[in-house]
Each structure stands twice: as C-alpha cells, then as structure tokens.
Amino acid sequence: MLQPLDLSTVLLLHKMSFFVAALCFLYVRSQSRESVGLGFLAIGFFLVGVTSALVSMSKVFVDYQNTLALMGNFAGLVGYSIFWIGVCRISTQQRRRREWLILVLPVVSTGMLLVTGLCENSVARTTVFQSVAAVLLLASASTIFKDRLIEPLPVRKPLAATMAFTAFLSALVVGGVLFPDVTFVAPRNAFFVSIVCHFAIAVFVLGLVTGRAEEGLRRLADLDVLTGVPNRRSFSSRLPALMRQGDVIVMIDIDHFKRINDGFGHLAGDEVLIRVAQELSARIRPNDSFARFGGEEFILFLPATGESDAFTLVDSVRQLVGSIKHIIDDQKVAATLSMGLAVCEEKNCTPHALIKMADTALYASKASGRDRLTVYRAKDFEKDSSLSDHVRNAG
C-alpha cells in the first residue's frame with residue numbers, strides 16, 4: 001500500500017521545481033537570444049519559487065510569520081504576472097507596454113488582504129494566491145493556443161494543455177483549502193503533480209524555441225538569397241503532382257539582362273534583378289506561386305485561372321513592371337519582360353510538360369522582338385517547327 005506523501009518533502013520539491021525550471025529558461029535564453037520573453041519566464045518562476053522559500057522561513061521566524069507569508073504571497077503573484085508577460089512575448093515575439101498593466105493584479109490582491117485584515121489568515125492568503133495563479137496560468141494557456149493560428153507549431157498544443165492543467169491543479173488546491181472534507185484531491189497531491197507540470201512547461205518552451213528556429217531555417221532554405229523571393233526548389237515543392245484544367249504556368253525573363261551586367265556591372269544588375277523580383281512578387285494574387293527560376297528567369301503558377309483571365313492579369317503586370325525606370329549611374333534604365341504562358345487544357349497534365357510549353361512560348365516572345373507575352377498553342381508551334389527546336393530544358 002502506498003504511503004501518503006509527506007507535505008514538507010512535497011513543498012520542498014515543489015519549490016525546487018520552480019528554480020530548476022527558471023534555470024532551464026535562462027539556459028535556453030543563453031542559446032537563443034532572439035527569442036523574446038525567456039528572461040521573463042525565468043524571473044517569473046524564480047519569484048514563485050521565492051514564495052515557497054519565504055513561507056518556509058515564516059515557520060521558523062514566528063514573530064514575523066504573517067509578514068514573511070504576505071511578502072511571499074506578493075512575490076509569487078508578481079512572479080505569475082511576469083510569467084504571463086513572458087508567455088505573451090515568447091508566443092508572439094513582440095513587446096507590448098500594456099502587458100505591464102497585469103502587475104496591477106498582485107497589488108490589488110495583496111491590498112485587499114491588507115485592507116480586510118485577512119493577511120493574517122493562511123487560508124485566505126492561499127486562496128487568493130492559488131486563485132490568481134490559476135487565472136494567469138489559464139490566460140497563458142489561452143495565449144499560446146490562440147497564437148497557433150499565426151504560428152502553427154505542433155508544440156503549442158501540449159504547452160497550452162500543460163499550462164491549463166497546472167491552472168486546474170491550482171484550482172484543486174483552492175478547493176482543498178476551502179473544503180478539506182469534500183475535496184477529491186488533497187492539496188499535497190496537487191502540489192506533487194504540479195512539480196511534473198513545471199518541468200513539462202520548461203521542456204515544451206524549449207520545444208517552442210527549437211521548433212521556431214527550425215522553421216526559420218526552413219523558410220530561409222526556401223528563399224532565393226539574392227532577391228528574397230521563393231526559390232526554384234520551394235516552387236517545385238508547392239506544385240501539385242498533376243495540373244488540373246485551367247491551371248496556368250508563366251515563364252518570365254528580363255530582356256537583355258546581360259547588357260545591363262556588361263554595361264553597368266554585376267552589382268547594378270543585381271539591383272535591377274531584386275527590384276523586378278519584388279515588383280512581380282508584390283503584384284501576384286495570394287493563392288498564386290512565384291519564384292526565381294534561375295538567372296534572370298522567374299516562374300509563376302496561377303491555379304484554376306484559365307487563359308483569358310491569366311493573360312489579362314499577367315500582361316498588365318508585364319506592362320507595369322516594364323515601365324519602371326531603374327536609376328543606374330544617374331541613367332534611367334528600363335528592364336522589360338518577355339513572358340510565355342501555358343494553360344493546362346486537358347483534364348490533367350504534368351507540371352514538367354506545362355513548364356516546357358511555357359518555356360517554348362517564352363522563347364517565341366524573345367524571337368518576336370521581346371517585351372511581350374505569348375500564349376502557347378500547340379497548333380501554332382506545330383506549324384512553325386523552328387520554334388520547338390529552340391525549346392530549352394526547363395528542368
């Protein structure tokens with residue numbers, strides 16, 4: 001038969017769990033200084049750990065028992081408030097001054113204990129402390145869970161669940177203190193389980209920071225280093241295995257780009273390339289996919305658009321971007337665009353085939369004088385076989 005848990009041992013372990021978790025937060029912060037809020041999580045848990053230390057001291061220094069216990073209560077409430085600030089910051093990676101208003105809560109709670117004279121009542125102090133802790137832990141869980149819509153990292157759900165469960169344990173402590181004869185879980189048992197929760201919170205916070213860093217690296221791997229737009233690998237991974245009828249691929253090439261490089265230097269060419277990439281990226285629709293395909297070439301995927309709508313959209317973008325004057329060495333230089341557009345006219349067609357068609361149409365635009373958009377139509381290219389002979393390998 002299991003022996004009942006010793007309250008003094010449980011409280012000691014409970015206190016130490018806060019300090020150990022605080023050290024974990026500080027360690028993670030030292031390894032990832034870009035994560036906002038880890039320092040506040042550490043300070044918050046450290047102050048809550050101080051609460052247990054001051055309560056223990058109050059049993060030794062009997063003459064200052066109520067003062068030390070009240071000081072511990074206040075430190076703990078401030079700790080949970082700062083912990084909530086840390087959770088908000090690590091969840092959104094943003095700093096908001098209005099978050100500091102939460103510190104009104106420990107001041108008001110402690111003031112009520114003083115004004116009502118309940119500061120000398122251990123039951124009242126514990127009830128207020130654990131109630132506020134439950135509210136702030138539940139608010140922290142809600143923040144982590146709600147922000148999953150902005151940053152859908154898998155670790156958010158278990159972190160939020162652990163915080164919510166820790167809040168539930170604090171509520172059980174309140175019930176056990178107020179109604180010791182009817183409670184289902186003794187406060188000491190709730191304290192014991194919360195020890196595991198504190199370590200779990202530290203582990204899941206580590207997972208959040210690590211997951212965010214890995215996601216950042218994945219995003220960087222999907223971007224073209226020079227232009228900042230998605231790269232070819234990223235674009236290919238977003239294409240469906242089979243194109244559907246009405247899907248459109250557009251190949252885009254900056255006309256006479258080599259002349260810009262030769263005449264003004266590669267740095268000037270890079271500036272033009274970056275500007276064109278940004279202008280193109282800014283003018284596509286949210287559901288479209290755009291990437292730098294290689295060199296001065298770009299590629300655009302317009303799902304379920306059709307030839308007519310795609311032509312209108314893409315040609316207007318071509319004219320707009322081509323009309324921009326780039327200032328190079330006090331000279332105005334226009335970077336016009338040649339484009340090739342291919343539409344999936346079958347029920348299904350492969351991305352590779354559609355890219356080759358768009359590439360063929362792009363070559364036709366160049367052969368016809370550049371600065372234009374050509375739509376791939378099989379019958380036209382069958383009549384002029386010389387165009388098909390010049391199709392480049394689109395990969």
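This is a predicted model: local features need pLDDT of at least 70, side-chain atom pairs count only at pLDDT 80 or more; totals for chains, interfaces and linings use all residues.

Residues are numbered from 1 along each chain as its sequence is written, and side-chain values use heavy atoms, with hydrogens and water left out.

Two packed helices are described by the angle between their axes and the distance between the axes. Here the pair is α3, residues 65-92, and α7, residues 187-221; their axes come within 11 Å and cross at roughly 25°. Helices are DSSP runs of H or I, at least four residues, numbered from the N terminus. Axes are lines fitted to C-alpha atoms over the stretch in contact, and angles run from 0 to 180 degrees between N-to-C directions. That makes α3 roughly parallel to α7, the term for angles under 35 degrees.

On the α3 side, Phe83, Ile90 and Ser91 meet Ile201, Val205, Leu208, Val209 and Arg212 of α7, where contact means heavy atoms within 4.5 Å.

Now the rings. There are 8 aromatic pairs in the structure, counted for rings of Phe, Tyr and Trp (its six-membered ring) with centres within 6.5 Å. The rings of Phe290 and Phe298 have centres 5.6 Å apart and planes at 15°, so they are stacked, meaning planes under 30 degrees apart. Phe290 is buried at 3% relative accessible area, and Phe298 is buried at 0%; buried means under 20%, with a 1.4 Å probe and protein chains only.

Elsewhere, ring pairs link Phe83 with Phe18, Phe25 and Phe45 into a cluster.

Terms used. Helices (H or I, at least four residues) and strands (E, at least two) are DSSP runs, numbered from the N terminus. Angles under 35 degrees count as roughly parallel, over 145 as roughly antiparallel, 65 to 115 as roughly perpendicular and the rest as oblique. Rings of Phe, Tyr and Trp (its six-membered ring) pair if their centres lie within 6.5 Å; planes under 30 degrees apart count as stacked, over 60 as edge-to-face and the rest as tilted. Buried means under 20% relative accessible area, exposed over 50%, partly exposed in between (1.4 Å probe, protein chains only).
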